[in-house]
Amino acid sequence: AMLVLSGHAAVVAAAAWLVVRGCLPAGAGGLERLIAWVWSCVAIIAANGVMLGAVGGLGATGYWVADLAVLLGLIGLRRGHWRGDVAAVRSLAGEVGGFFRARGLEARLAMLLLLLLGGMLLLSLWAEPVVYDALTYRLPRIGQWLQDGRIGTVVADEPRINYMPVVPDLVMAWFIAIRPAGWQFGAVAQALGGVLAVGATIGLARQTGLSRASALGAGLLLFGMANVAPQFTSAHTDLFTTGVLAAAFYLWLAALRRGEGSILGGAGAGLALGSKGTVFYLAPGALLWVLWLAWRHRLSFARWWPTGLATVLAGALFAGPVFVRNRTAYGDWFGPAEHVRMHHGTGGVAAKLEKLPLNLRTSLAQVFEPNSQPPWWRSPARSIGEAIAAGLPENDTHTLEGISRRGTLQALFARSEPDADATSFGVLAGGLFALGFFTALLRSRRKGAALVVVWGLGTGVFLCFFHAMQQWHPYG
């Protein structure tokens with residue numbers, strides 16, 4: 001199985017490199033090319049999965065045929081450029097090798113991060129992804145798709161098996177189909193998302209003017225967060241979605257600063273939309289980022305339209321079929337109406353405004369969840385979290401399925417071992433984010449400070465919109 005995986009991965013990697021060569025200019029940096037390469041691998045697998053699932057060819061053989069067809073097609077499109085494409089791989093390898101041969105602090109930090117990410121990728125190969133969501137609907141529907149050869153509506157008691165976005169599951173299916181039985185290799189999809197998320201964090205940190213060492217520190221901080229590291233070996237989709245969206249945003253921003261559009265960045269937004277519904281809640285904050293950056297870096301329409309077209313086409317490919325199936329099966333674009341009400345509650349704007357401060361206070365308490373903190377901070381964090389939770393109502397109408405708000409938090413604080421579904425980013429990461437935001441606000445004339453402020457404001461918009469819409473539960 002490992003030999004087959006290696007061979008198939010080589011085919012996809014070769015095709016993805018040709019995509020990078022066709023979409024990125026020669027002046028793109030080494031990190032940008034690496035992120036674009038990994039992102040393109042994921043996008044090729046996802047795109048082929050969507051098309052195979054529509055025509056009835058989903059499975060190990062179908063993936064092989066489709067991936068080889070993409071590679072051969074790209075070779076045909078790139079005919080006459082193959083010497084340059086091969087030389088560019090060698091050049092990138094030389095850049096990476098030269099960076100590590102420098103043996104400074106930056107090289108040591110990068111090697112540490114590389115070892116950690118490589119270790120997680122290896123663990124994800126052998127992990128049995130038996131988290132609750134995976135057992136409830138994710139793995140069952142992947143198995144059904146692989147048996148049927150297509151993506152369809154499955155008769156089941158769990159409606160999430162049908163109405164949830166499919167892109168991460170199709171990437172999992174690519175890995176799972178390599179083995180004749182079992183679910184091993186499935187978690188690699190999440191691990192790849194984690195690699196993209198860490199890489200994009202480093203790239204975005206560099207875009208704000210941070211040094212290489214500080215940017216690598218930001219990547220290590222993200223990796224070490226209690227609600228990130230466990231996701232590398234799970235069959236969830238949060239880290240996958242975070243990775244493809246963060247990578248797309250980084251690729252777009254890097255291109256924007258060169259005075260160019262980004263086909264990969266635009267397509268990444270559509271890919272993320274087809275990955276998880278959380279992107280819907282992020283949209284208002286992301287719109288703020290995009291509008292501000294578009295205002296600061298004013299490009300001609302000729303530079304903009306490829307990015308916009310890529311976004312629309314990718315959204316239609318990756319998210320469109322899910323909306324159509326939901327409309328056909330449930331009469332609603334987003335799934336069963338009762339599930340929408342279950343997650344968003346009832347009532348209009350007044351109900352959302354009533355819910356918002358309550359949910360924000362509850363999430364603030366959860367930030368202090370003790371297993372999400374460094375060892376020396378767990379006891380004080382528990383005390384602070386319990387004090388905040390004590391002021392929350394035991395029961396109210398703004399929780400998922402009527403769960404006890406205060407009681408759920410108290411049970412969470414009492415756990416001696418972490419619950420990967422309910423851990424938070426912790427006080428350390430949250431405090432550093434707040435420190436960075438207010439430092440940039442106070443020193444707004446420094447290079448990159450305005451960008452940090454806008455990112456912070458967009459994050460605040462996301463948090464407010466999410467907490468106003470969602471019924472509270474400890475898994476968000």
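User: Why is Phe437 called buried?

Analyst: Buried means under 20% relative accessible area, exposed means over 50%, and partly exposed lies in between (1.4 Å probe, protein chains only). Phe437 has 15% relative accessibility, so Phe437 counts as buried. This is a predicted model: local features need pLDDT of at least 70, side-chain atom pairs count only at pLDDT 80 or more, and totals for chains, interfaces and linings use all residues. Residues are numbered from 1 along each chain as its sequence is written, and side-chain values use heavy atoms, with hydrogens and water left out.

User: What makes Phe438 partly exposed?

Analyst: The relative accessible area of Phe438 is 49%, so Phe438 is partly exposed.

User: How many aromatic pairs are there?

Analyst: Rings of Phe, Tyr and Trp (its six-membered ring) pair if their centres lie within 6.5 Å; planes under 30 degrees apart are stacked, over 60 edge-to-face, and the rest tilted. The count by this rule is 15 aromatic pairs.

User: What makes Trp174 and Phe175 an edge-to-face pair?

Analyst: Their ring centres are 4.7 Å apart and their planes stand at 75 degrees, so the pair is edge-to-face. Trp174 is buried, because its relative accessibility is 2%. Phe175 is buried too, at 6%.

User: Why are Phe437 and Phe438 called edge-to-face?

Analyst: The two ring centres lie 5.2 Å apart and the planes are at 75 degrees, so this pair is edge-to-face.

User: Which residues do ring pairs link into a cluster?

Analyst: The cluster holds Phe249, Trp252, Trp289, Trp304 and Trp455. Trp289 is also one of the buried residues of α13.

User: How do you know that Arg179 lies over the face of Phe185?

Analyst: A charge sits over a ring if NZ of Lys or CZ of Arg is within 6 Å of the ring centre and within 35 degrees of the ring normal. Arg179 lies over the face of Phe185, 5.3 Å from the ring centre.

User: Why is α2 called largely enclosed?

Analyst: Of its 26 residues, 19 are buried, so α2 is largely enclosed by the rest of the structure. Gly56 follows α2 and has a positive phi, near 90 degrees.

User: Where does α13 bend?

Analyst: The bend is the angle between axes fitted to the seven residues ending at a residue and the seven starting there. For α13 the bend is about 45 degrees, at Pro284.

User: What makes Thr399 buried?

Analyst: Thr399 has a relative accessible area of 4%, so Thr399 is buried. Contact means heavy atoms within 4.5 Å. Leaving aside neighbours within four places in sequence, Thr399 is in contact with Arg405, Gln471 and Trp472.

User: Why does Glu401 count as exposed?

Analyst: Its relative accessibility is 65%, so Glu401 is exposed. Glu401 sits in the loop between α18 and α19.

User: Why is Glu260 called partly exposed?

Analyst: Glu260 counts as partly exposed because its relative accessibility is 21%. Glu260 lies in the loop between α11 and α12.

Technical notes. Helix = DSSP H or I, 4+ residues; strand = E, 2+ residues; numbered from the N terminus.
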